[in-house]
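Please look over the structure shown here.

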Amino acid sequence: MKASIDTLINTTSDLSLKTIAQKVKNNERITDAEGITLFEKGSLPFVGALANFIRERLHGDTTYFNRNFHIEPTNVCVFSCKFCSYSKLYAHKEEGWELSIDQMLDIVKSYDNKPITEVHIVGGVHPKMNMEYFIELMQKIKAHRPSLHVKAFTAVELDYMFRKAKLSIEEGMKQLHAAGLDSLPGGGAEIFAPAIREQIAADKVNADGWLKIHETAHNLGMHSNATMLYGHIEKYEDRIDHMKRLRELQDKTHGFNTFIPLKFRNHDNEMSYVAESTITEDMRLYSIARIYLDNFPHLKAYWPMLGRENAQMSLSFGVNDIDGTIDDSTKIYSMAGSEEQTPAMSTEELVTLIKQVKRRPVERDTLYNIVKDYSNVDFATEAVESLQN
Ligand code: V47
Ligand code: SF4
């Protein structure tokens, strides 16, 4: 590994790229300007080799996945993000769906005998689904299955809930945490740069509001993820600006677990005229994120959006986490044009996907505690043994 990075440094003639490679080798932070240089000048083999070096320094071959299921309480939303293919405006709410607390609890109960560790709950912003509603949901989930980790609500949903309830972020977060909310997913971040955010997601919480909500959660001892919606109308500078704000907050709190780049899909939304990014650009983005975000422990490829084969390929471009079995129907990507129309993968399929590219599959829980190392698991033998027992 060291030999290959030395070769890369010695064979790179561009001085600015050579300096970046040297910094990566020395485990030094790159600057914002260097991040932009990587986007402008870094070839896929160059940034990929650096990202893989960092990935292997941090995690070796270990590739994490988890066993989770999604609940989408509603696709009715008061906001009107231009890239969203999924939501139905509140004014047309009869075209959307709304799940009752009992219906959501039934989904939780349908996993009673399955070794799931996490439920991921994210949806549109429905005015009727307020603090009381979600406090009751959290309490009922925890009463039913206390060990299930509840990762729920984007900062967009939380901002709306807290404002409606006239609660400070801290008070609102404390109440949900006490009711059973364990951590926050990374959605709603989109692109922080105001000039772009105003064009694609004008009416929802802004960058400072998103960051404040995550900072408050971190200060209460909760962890969270961060996303970035890329490959639409943003520029390289906007990507670096986004990651810079995340890197700065992470320096303060160390509360982020993982960074999840989300590739913009253009099917059936108001931005369908924007071409989707190429796979090469996707892999460059993952690689540069791994290089720039030196204080994020994990980089995740969300396979329902990227597709399984591209997610598999990303494991050579800095990614060390491939999300979950998503043993359920999550609609946000299939409606936006992802090739994954029924995003569910069995543990065996996920493990196989990881092993095919010679990485080590490890099941984790939400907080990256190891649940099971699958490197030596032979599913055929396990199936026979379970039939015999
Ligand atoms: O915030 C919406 C994105 C996000 C489109 O934390 C789109 O573990 C691409 O945040 N093309 C919600 N993306 C999903 C999310 C998430 C997913 C998986 C894991 C985690 C985690 C978080 O979906 C939204 C938005 O950025 N999105 N529409 C679209 N057309
Ligand atoms: Fe609503 Fe989220 Fe869709 Fe925006 S991305 S319209 S906040 S569901």
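## About the model

This is a predicted model: local features need pLDDT of at least 70, side-chain atom pairs count only at pLDDT 80 or more, and totals for chains, interfaces and linings use all residues. Residues are numbered from 1 along each chain as its sequence is written, chains are lettered from A and ligands numbered from 1 in the order in which they are written, and side-chain values use heavy atoms, with hydrogens and water left out.

## The sheet

An open sheet is built from 4 strands. Their order is β11-β1-β12-β13, with mixed pairing. Strands (E, at least two residues) and helices (H or I, at least four) are DSSP runs, numbered from the N terminus. Two strands pair if DSSP finds at least two bridges between them. The edges are β11 (321-324) and β13 (370-373), each pairing on one side only. Neighbouring strands are turned by 30 degrees against each other on average, direction ignored. Axes are lines fitted to C-alpha atoms, for helices over the stretch in contact, and angles run from 0 to 180 degrees between N-to-C directions.

Strand β12 (residues 360-364) runs antiparallel to β13, joined by 3 bridges. R364 stands opposite I370 in β13. The two strands form a hairpin with 5 residues between them. In the turn, Y368 has a positive phi of about 70 degrees.

## The helix across it

Helix α16 (residues 347-356) lies across β1 (62-66), β11 and β12. Contact here means heavy atoms within 4.5 Å. The helix runs at about 160 degrees to β1.

## Ligand 1

Ligand 1 is surrounded by 23 residues. A residue counts as near if one of its heavy atoms lies within 4 Å. The closest are K151, G186, G187, G188 and E190. The shell divides into 10 nonpolar, 7 polar and 6 charged residues. Ala, Val, Leu, Ile, Met, Phe, Trp, Tyr, Cys and Pro count as nonpolar, Asp, Glu, Lys and Arg as charged, and the others, Gly among them, as polar.

A polar side-chain atom of E190 lies 2.4 Å from an oxygen atom of ligand 1. For R265, a backbone N or O atom is 2.9 Å from a nitrogen atom of the ligand. Elements giving two or more residues to the shell are β8 (223-230), β9 (256-263) and α15 (331-334).

## Ligand 2

Which residues are around ligand 2? They are C77, F79, C81, F83, C84, S87, G124, V156 and K204. This shell divides into 6 nonpolar, 2 polar and 1 charged.

Key:
A polar contact is a pair of N or O atoms within 3.5 Å; within protein, one must be able to donate a hydrogen and the other to accept it, and residues adjacent in sequence count only if both atoms are side-chain atoms.
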